[in-house]
Amino acid sequence: MDKKAKPIIIVGAVVVLAMIGILIAVLVGKSKEMKNGKSLDDLAEDVKVSTATPKKGAVSFDGNNLYDELPEISKYPLAVEGRGEVAIEIFTSGEKAGTGNDSWLVDVATKFNSENHKLSNGKSVSLSVRSVPSGTAADYIISNKYVPDLYSPSNTLFGEYASANGAQLEIYCDRLVGNTAGILVKKGTYTDFDSVIKAVQENKINVGYTNPQTSATGLNLLLTLLEDGTENFIKFNANIPYVAYTTQQMRDSAANGRLDGMLTEYQAFIHDKNLTSVYDFIPFGVRHDNPAFICNKASKSQDQLDAIKMIIDYCLTPEMQKIATNKGFNANDDYKTTLDFSGSQVTQALVTYKKEKDNGKDIIAVFVADCSGSMSGAPMNQLKSSLTNGLSYINDNNYIGLVSYDSDVTVELPIAQLDLNQRAYFQGAVDSLSASGNTATYEALVVAAQMIEKERVNHPDAKCMILLLSDGYANGSYKLKDIEGAIKTTTIPVYTISYGDDADKSELQKVAGINEAASINADSDDIIYKLKNLFNSQL
């Protein structure tokens, strides 16, 4: 053999080996990609599924009691606890009783309490601050489950609503600190509220808003839209990708670039560089001047009335107002509005919202219930109770199914319209649930998603969702990474509701994040109330 050929042969061998190595790497990569990139149908083929025989249960039409739905007030601990002989407590919205720039009322109360203020008769006065969402606070007061001395929502709307529904409230101060609600839009795109609304109605931009049943800002938007008629709201809502359960969920979507606009208040906007660098703020609706309502004034002693006056006067001092201004309040005072809504208008608006929010679209939802051994005892009892009570808040036009899982997956109830018959079968299926075995969470999600995909062939414009009720643990054949791509492709949001003190909330948050849904942490005290708000906003 020619000696000169040897280098050529060696080089050729190296090239061949390199090509083989590349080919192996590609094939391995492809193999991995195929495993993690399977279609929904491919994933479903490997899941063992059984179908239960439907049995009817007893359906109650008495409705739920607001007093019983609400958790004990300890769910909302005091941000500041006063210990004066005359102790005044205030319910306030989160932007005034949090931390950092959201801590104005906390700072005021802390300073007030440290100064040992006294009435003319020598009794010491203190202020306690409890942060409760505006709508939830109204429910506490309406139900008389827990009534503070003062109530300061972001705006007047929930106060008027509470008064119209039996609460003994009276405006004591029109404004503790100034603020405005606003809609954020990408910089340089729109300059006025009406143009933004028209752009949404014409499906030119994606905007998110918060649940008007709990959020003062969301309620403000709803009422402002309804000023121009129900059709105006329907056209707007038809092009909303989803209603955020929380402001944080909406902000996360905006941060991910999925939203062209969102709702917030100016005080929160101005201190968030991530928002101010991307969005313009356009004020709308009634002002958010944080009024103070006095609760059950007729039953207050003179000492309490004098203490309330002392506290409100203190809040309005130049020193306390300067603190508020530094935290972003008391801006946009040039924004004026002629809008003014009564309690009856607010009540009717919420009825309209529940009725019209789906714009005549069908809704297809499958509940996925974790019945594994780790759910035994209190978590399973809570799950069954919450489904039973939550059923009354789901509209009749929805198409509902139920899947349970332990080591395997069971279709407890195929999807059908939630008429009386389906309600009875749903209740019967819930009654039969019990906990045992392993945890095939992701197999169950695949089955639920496939059920929805097949059903929406008959309802191509339907709004679809999965509601996963679980403690978050999974030890089936599939992992989250195996199904994530397929679930994402369906665009079906998976709302997750966690049960048990040891629930893996972070895993459930990842599941909910696949298609921009909410992840709710719940327990025996507040699950009914939380599900009520979720169902009212989504179902």
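Residues are numbered from 1 along each chain as its sequence is written, and side-chain values use heavy atoms, with hydrogens and water left out. Because the model is predicted, local features need pLDDT of at least 70 and side-chain atom pairs count only at pLDDT 80 or more, whereas totals for chains, interfaces and linings use all residues.

The structure holds 22 salt bridges, each defined as a side-chain nitrogen of Lys or Arg within 4 Å of a carboxyl oxygen of Asp or Glu.

Select Lys309 and Asp313, a salt bridge whose closest N and O atoms are 2.8 Å apart. Both belong to helix α13 (residues 302–315), where, being four residues apart, they are separated by about one helical turn; helices here are DSSP runs of H or I with at least four residues, and strands are runs of E with at least two, numbered from the N terminus. Lys309 is partly exposed at 46% relative accessible area, and Asp313 is partly exposed at 38% (buried is under 20%, exposed over 50%, partly exposed in between, with a 1.4 Å probe and protein chains only).

Next select Lys186 and Asp260, whose closest N and O atoms lie 3.9 Å apart in a salt bridge. Lys186 lies in strand β7 (residues 180–186) and Asp260 in the loop between α10 (247–255) and β10 (261–265), so this pair ties together parts that are 74 residues apart in sequence.

Then move to Lys38 and Asp46, a salt bridge with its closest N and O atoms 3.5 Å apart; Lys38 counts as partly exposed at 29% relative accessibility, while Asp46, at 52%, counts as exposed.

Finally, select Arg175, Arg287, Asp289 and Asp333, which are linked in a network of salt bridges.
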